[in-house]
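Here is a friendly briefing to read alongside the model. Take a look at the structure first, and then follow the points below.

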Amino acid sequence: MTVPFVFEKPLGMRDTLPVLYDLKTNIRQKIQGVTETWGYRFMNTPTLEYYETVGDASAILDQQLFKLLDQRGKTLVLRPDMTAPIARVAASSLKHEPFPLRLAYDSNVFRAQEDEGGKPAEFEQIGVELIGDGTASADAEVIALMAEVLNKAGLEEYQIAIGHVGYIQELFLSIVGNEERAATLRRFLYEKNYVGYRQHVREMALSSIDQKRLMDLLTLRGDGSKLGDAFELLPTEKGENVLRDLRTLLDTLEAYGVAHRVKFDFTLVSHMSYYTGVVFEGYANNLGVPLSNGGRYDELLSRFNRPAQATGFGIRLDHLAEALNPNREETLPSAIIFSPERKQEAIEQVTDRRAIGERVVMQELSGVADLDAFSERFDDVVYLIGKNGKGTM
Amino acid sequence: MLTMAMPKGRIFEEAVGLLRRAGYKLPPEFDDSRKLILEIEEENLRFILAKPMDVPTYVEHGVADVGIAGKDVMLEEERNVYEVLDLKISDCYLAVAGITDKPVAGVAPKIATKYPNVASNYFRQQGEQVEIIKLNGSIELAPLIGLADRIVDIVSTGRTLKENGLMETAFIESITSRFIVNPVSYRTKDRVIDDMVERLAAVVEGVDDYENR
């Protein structure tokens with residue numbers, strides 16, 4: 001390892017410069033505004049958590065965790081997601097509050113990257129958790145809220161794909177019989193390796209009907225009509241329940257007016273292993289990576305000794321900012337450049353203008369080396385220079 | 001418009017042939033153009049011509065919606081893309097080779113390869129400790145001149161190995177080209193992509209049937 005350059009940052013860490021900061025603030029305010037109107041309360045959790053508790057529950061790959069030791073030698077992690085910490089809070093500090101709880105967060109999370117540039121190791125996530133509600137209405141609520149948030153942020157072209165990991169699990173178990181073999185199949189889906197999946201299915205000792213059922217899973221992508229196809233693949237009681245819930249979900253999204261954004265995709269599996277039911281991802285048409293994701297996690301709360309069904313979503317603010325309008329023009333502030341003898345006047349003017357919300361910089365003339373270069377950074381410049389101002393002759 | 005990343009070189013011709021048989025009207029000048037970006041307006045397709053090793057990178061970052069990449073490249077690069085279809089072209093395999101097939105003496109045999117990731121994974125699975133040396137081409141040279149004890153490389157006919165007096169010591173995995181898709185495009189442009197996959201699959205399966213006869 002060579003000595004870093006003086007201006008170098010650790011791998012994956014980024015500075016947020018003013019233009020992007022403004023854009024993000026703007027989006028953040030809109031999102032927070034909408035989320036609050038739906039009755040979600042924002043909260044914060046610590047940046048550091050114990051590796052054994054939140055680190056373990058968070059389902060982020062171990063090699064992606066930033067780990068450090070505290071003074072007593074306990075292993076800590078920089079929080080890799082917000083769902084696990086909020087589950088911890090819901091089960092401890094908020095344990096006397098009745099369910100369902102509606103909580104929201106806007107926090108930076110940390111995931112170590114091994115790859116080249118383009119992937120930050122620290123990024124801001126805005127999201128909600130709806131804890132203690134197992135209904136399809138709850139699933140619909142978080143998806144509808146996510147759509148509303150994206151609308152209000154100004155995103156025009158986006159889509160949401162909805163899958164169901166419980167369905168996949170049930171289908172696999174009903175065909176291959178045990179968890180180990182189901183896990184192998186899940187792994188192919190998770191790795192997005194459909195060629196390997198098909199090959200593996202062909203090599204399994206299964207009836208041709210069951211092989212076809214596994215193959216047909218890959219085609220369960222599309223609108224509400226796919227729910228019927230999905231039931232044909234899994235005509236069991238559990239399958240029926242799942243699909244009834246998804247039907248209700250779709251109807252509810254219809255009522256929210258966001259159904260046209262939604263497609264079903266039963267091949268969707270998330271890297272978050274705590275999901276148990278509905279999972280979903282949001283995509284902007286002009287972005288190569290998912291914008292947001294979420295789903296139902298009915299087992300996570302029990303790890304913190306307050307079992308409860310829950311669902312939620314998280315939006316990557318950096319990806320959303322990129323999808324919205326990365327080349328937005330910077331709006332420039334105004335400036336008043338003064339010489340010392342007119343300082344009083346300058347302060348009066350600048351105070352008045354700031355009071356009505358204008359952005360005004362006050363700059364003493366002798367502090368500027370290159371006046372032309374400096375002036376270019378402003379929309380307009382007022383000079384209060386020399387003794388010829390009012391009342392100072 | 002759908003953007004497709006194509007590998008330049010060996011696989012390109014076969015890939016173009018496959019697309020033509022799937023009913024895509026690609027003009028004749030397509031084959032020997034030196035342009036890196038080609039638009040076929042009537043098919044609403046745009047092709048970018050990339051180094052084979054870089055195809056999954058373009059697709060992962062979403063500047064190409066789909067692409068054609070060898071399984072060897074997929075194994076080496078481990079990119080976050082969908083591997084949707086086995087195109088069954090550019091058939092070859094990854095293998096270990098050396099001057100002799102006798103076990104290599106020494107603490108950690110040196111392995112020269114273009115695929116350090118694949119090689120490292122393979123020898124870890126075998127429980128062998130090795131030292132990987134990354135080369136960019138003419139891998140067969142390494143054992144001949146004493147840089148490495150073994151090589152890991154793709155073998156298609158085995159002629160290069162034979163002519164250089166090398167012999168295969170282990171088979172790693174068979175390789176064909178794959179149709180790969182960006183995870184977002186897979187959902188946002190599903191109609192066009194599903195159609196393309198279906199048409200390609202029909203051609204590929206056809207080849208299969210032909211061979212089985």
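Ala335(A) has Val381(A), in β15(A), as its bridge partner. This is a predicted model, in which local features need pLDDT of at least 70, side-chain atom pairs count only at pLDDT 80 or more, and totals for chains, interfaces and linings use all residues. Residues are numbered from 1 along each chain as its sequence is written, while chains are lettered from A and ligands numbered from 1 in the order in which they are written.

**The sheet**
- Strand β13 (residues 334-338) of chain A pairs with β15(A) in the parallel sense over 4 bridges; strands (DSSP runs of E, at least two residues, numbered from the N terminus) pair if DSSP finds at least two bridges between them.
- These belong to an open sheet of 3 strands in chain A, ordered β14-β13-β15 with parallel pairing.
- β14 (360-364) and β15 (381-384) of chain A stand at the edges with a single partner strand each, so one side of each has no neighbour in the sheet.

**The cores**
- The largest nonpolar core has 119 residues, and Ile143(A), Val66(B) and Ile180(B) have the most contacts inside it.
- Such a core is a set of buried Ala, Val, Leu, Ile, Met, Phe, Trp, Tyr and Cys residues joined through C-beta atoms within 7 Å, where buried means that 20 or more other C-beta atoms, placed from the backbone, lie within 10 Å of the residue's own.
- Helix α4 (residues 136-152) of chain A gives the most to this core, with 11 residues; helices are DSSP runs of H or I, at least four residues.

**Between the chains**
- In all, 16 residues of chain A are in contact with 16 residues of chain B (C-beta atoms, placed from the backbone, within 7 Å).

How values were computed
Two residues are in contact if their C-beta atoms, placed from the backbone, lie within 7 Å. A residue is buried if 20 or more other C-beta atoms lie within 10 Å of its own, exposed if 12 or fewer, and partly exposed in between; C-beta atoms are placed from the backbone.
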